[in-house]
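These are my notebook entries on a structure that I opened for the first time. I set down what I looked up, entry by entry.

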Amino acid sequence: MQVNNGHVRTAVAIVTAASLFALAACGSSSGESGAEASGGEDTITVAYQKTATFTQMDDLMQTAKAEFEAANSGVTVELMPIEAEQDQYFTRLALMNGSAETAPDVIYEDTFQIRSDAAAGFLAPIDDYVEEWDDWDQYLDTAKQAGLGDDGQLYGVSTGTDTRGLYYHKDIFEAAGLPTEWEPETWEDVLEAARAIKESAPDVTPMALYTGQAQGEATSMQGFEMLLYGTGDQLYDTEEQKWVTGSQGFVDALTFYDTVYSEELGLPLELALDAAVGGRVATELLPQGQVGIALDGSWLPGNWISGDNPWPEWEEKIGFAPMPTQEGQEPGATSMSGGWTLAVGSQAEDPQQAFDFIATALNRENSLTYYTTAGQIAVRADIAEDPEYLNYNPSFEFFSSLVDVTNFRPATPDYSQISANIPVATESVATGSATPEEAAAAYDAGLVQIVGEDQTTEAP
Amino acid sequence: MASLTEPQVDRRRRGPTPRPRPGAARTLGRLLPLAPAVALLVVFLVGPILYSLYGSLTNRSMSGPGAADPQFIGLDNYTQLFSDGEFWTSVWLTVLFVGASAVIGQNGMGMALALLLRAASSPVRALVGTVVVGAWVLPEIVAAFAAYAFFSGDGTLNIVLGWFGLDGPAWLFTFPMLAVILANVWRGTAFSMMVYAAALNEVPPEITEAAELDGAQGWQQFAYITLPMIRRAVSTNLMLITLQTLGVFTLIWVMTGGGPGVQTSTLPVLAYQEAFKFMQVGYGTAIATMTLLVGALFSVLYIKVLKPEVD
Amino acid sequence: MVGTITPTAVAPDPRVATSVASPRKDRSKLLASVVLASIGVVFLVPMVWIVLAAFNPAATVSVALPSDPTLDNFTQVMTWETSFRPLWNSTVLSFGTASLTVVAATLAAYPLSRFQLRYRKPFMYSILFGTCLPITAMMVPVYALFVSLSLLDSIGGTILFLTASSLPMAIWMTKNFMDSVPVSLEEAAWTDGASSMTALRRIVVPLMRPGLSVVFIFVFTTTWGNFFVPFVLLFDTANQPAAVAIFNFFGQYGTVAYGRLAAFSILYATPVLVLYVLVQRLSGSSFAMAGAVKG
């Protein structure tokens, strides 16, 4: 076989095609990418989450864009909705933030991520900007805490929050001889109610409590931390800036789990440890009257009002009660809050302008619309007292009242690793493979392994 | 699909014409068709792979201090990995998962289906082929939910068992590994089926006819004649499905979330937790590298046992 | 000899029937059909949930007969933005990747299959293993690479990347198929003065059609289902393929729109199934080849 013209021609063709393609690709997009993402003087890029069931932020952004562009001629707002669910959304944001060319100016940021992202240098501090913003006075103190970074600077403005409390099914309570206006004051009250339900209706699950590893952070937040923060102990000592080991409150919270599962007051194990149990409780078990008490979040009624599985009767059938503290000690009840914020990216060319956009997006009117349609608990005093807000969803009033006693997670960069050990503990107690003391010791050991001995402190 | 090397072809290919060793120019010319493939591989994959492997020697993370200022920590990620009991459990689970669902399950079922397809009537062939392939082309997330709904405590499987008066357990809770293995067999068998159907087609019927006339029974034909002839296809198939199965993540994640506890936390599940939930990309890459090693070990095993002529 | 991949719409393979008496053959055919059909049913059952949920306006993850079956889920998802645009993007991505991969793999497999190359084995193994590192581990450098090449959010760039990552398996499979095509035919062509590229184009490729279609389907299907690569490399929602758009149905707080998800997934799976059936019918067989080699 000869090295003939065929070879040479093929070779030339391939090389030419490749170079042409490369040139074309580079040429076409290089002009745009520079001005696009990092936002020139006249462009603000806004990144946020959007899914089939969560379009409210998109609506808010569209409105804000129109308003802002109208008020600031020459400025373009470029919306970049990221259609992904939670974990992927965070990943995509992290990727975008990692490159200066693609880092957005305004970010829809989970309070959970703020400390981490601030430490990574992705966010710009906004203390100066909020000082000059009139609306800032309306924000509740706890909400102002939500956007703080490790260095004490403010990085995000809260877009609303969520709280957690006890849902109970009034019919089941009535059948068990329990008051339909239930006001438990201690953990024992809750357990007593569960026992009463078990006696009167053996087929009904007395209490649905997030327990499994498969439910991840939901177990930590809606389950365990709702108990722990009612004991007076905490996960993280904010004054010393160290993680807590050897906490009696930790053991007590696990003992609660132990009681629930050993007395069979909870969901059957295969259901309790199932990854999809949260949705099932909300859309099937509660509406069907198969669960008596559920410790869950403020967003449940939103599903019952509109969405794929509406349940109009909820207003008559469901009652609300705050989760009491362990012995009823001050402040009497406890709750946990998460929530999201709008933050300014550190690569923004004009941070003031980016903040101004946030201010427009979160002005009173837009905030009201967002809180109501997205089932968010108000973080602004003016809206929290607004009848329009309160009437939109009858459960708002109750869950808003919990904001006074709520706690936020210590969302340090390693929080997610540490928090992942909490469901390990609750699950091992629920399955009976460890006693509360053993599980707590295992958690302590894991904690030391993650942060190192010097970052921990013994509980008082 | 993958071919057998018939003795006649082999001799012919090894070159009846001993040509003079080609000069440099000719070799270069012969290698030229490789250029597009190599170019793509080099541009898009070599750099990122090397960078990632290097990344496994750092404490790089997607957020937090590890993102602003990743430190080189040498083999710390690996030593931490090896001293973690969970890692070894994960390796064992992965080996079990691959062995049971790919080597035995998909491979065996694929072969059985390929044989049955040849022997069955035409309409049944068409229908069943499409159904089996259907399970394969379903988007993984949907297949995962379907499998979840099937194995769940009050899911389809238990409903069907109920018709026969049997009371099935909560599969995902009591036998989680079994459930994910079966689900993966259900999902991936189509590939092996197609490979073996093509391979079986290439076995010359004269040889099997000759064996039959000599008195060999069906299974003897298969074991002693057919199987050795498609040895190469078997080896290639095993290698490919092993590598594919090593990467299975969504199926397990949706069905059991890696649980209960860590009973189904295979290496991809572990890597996902590290890289995504905890944003520890360096550590996650270390796990991925280990996964690759497991795959390499499997492949060495196949080659040693099956001794196909991979030239 | 290259035969059909999976005999579907082709006439009963004459090679299967042997010179034995008919009744025994009929009986074993019936037995095989029954066993096959039952396996088929087993494979079909888990998919029942998808169908039930798709027609159920209040679908949950549990298996339930819809009390009020409607086509609502379908009508809701069958819009340009929700379904058709992502499906179109998926088609472009998958078709582009599969075509490019088959071409590059065929070209690459030729020297690997035909010539005695010193580094063939190490090359084959290293591309297979070296490139098996999952994209989840590589996402940061790949993203940075694409930023520097200015290929982010470009369908063309994504196709190139997907091709690169599909090449290893494709080269393996293609080489194996090519090995079964006897060199004698090409040798005849070479002595007639044809170049190797011409021989490849005119002789080898037509004989490998069933094999190439397997590779094409494989790459097409895996690209169709590939979520991560397009997720990392494509920004604009208008560019996203269906594999990414499907995660749209997962909302906040763990809510999942199961009904719409199921309806969408039926739409999503159908094109690939259709492709599979089509390729089966069109790939045909080359019994002529058997004749040419026998002599």
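Predicted model: local features only at pLDDT ≥ 70, side-chain atom pairs only at ≥ 80, totals over all residues.

Residues are numbered from 1 along each chain as its sequence is written, chains are lettered from A and ligands numbered from 1 in the order in which they are written, and side-chain values use heavy atoms, with hydrogens and water left out.

I recorded 14 helices and zero strands in chain C; helices (H or I, at least four residues) and strands (E, at least two) are DSSP runs, numbered from the N terminus. Of the 295 residues in chain C, 61% are buried, that is, under 20% relative accessible area (1.4 Å probe, protein chains only). I also looked at contacts (heavy atoms within 4.5 Å). Among those in chain C between residues at least 6 apart in sequence, 74% join residues at least 24 apart.

I found 95 residues of chain B in contact with 105 residues of chain C. The buried area is about 9,200 Å², and carbon and sulfur atoms give 77% of it; this is the accessible area (1.4 Å probe) that two parts lose on being put together, summed over both. How many salt bridges lie between chain B and chain C? I counted zero, a salt bridge being a side-chain nitrogen of Lys or Arg within 4 Å of a carboxyl oxygen of Asp or Glu. On the side of chain B that touches chain C, helix H7 (residues 122-137) of chain B gives the most, with 14 residues. By class, I read 63 nonpolar, 17 polar and 15 charged residues on that side of chain B. Ala, Val, Leu, Ile, Met, Phe, Trp, Tyr, Cys and Pro count as nonpolar, Asp, Glu, Lys and Arg as charged, and the others, Gly among them, as polar.

I noted about 2,400 Å² buried between chain A and chain B, 61% of it on carbon and sulfur atoms. The salt-bridge count between chain A and chain B is zero.

Conventions:
Buried < 20%, exposed > 50% of the residue type's maximum accessible area, 1.4 Å probe, protein only.
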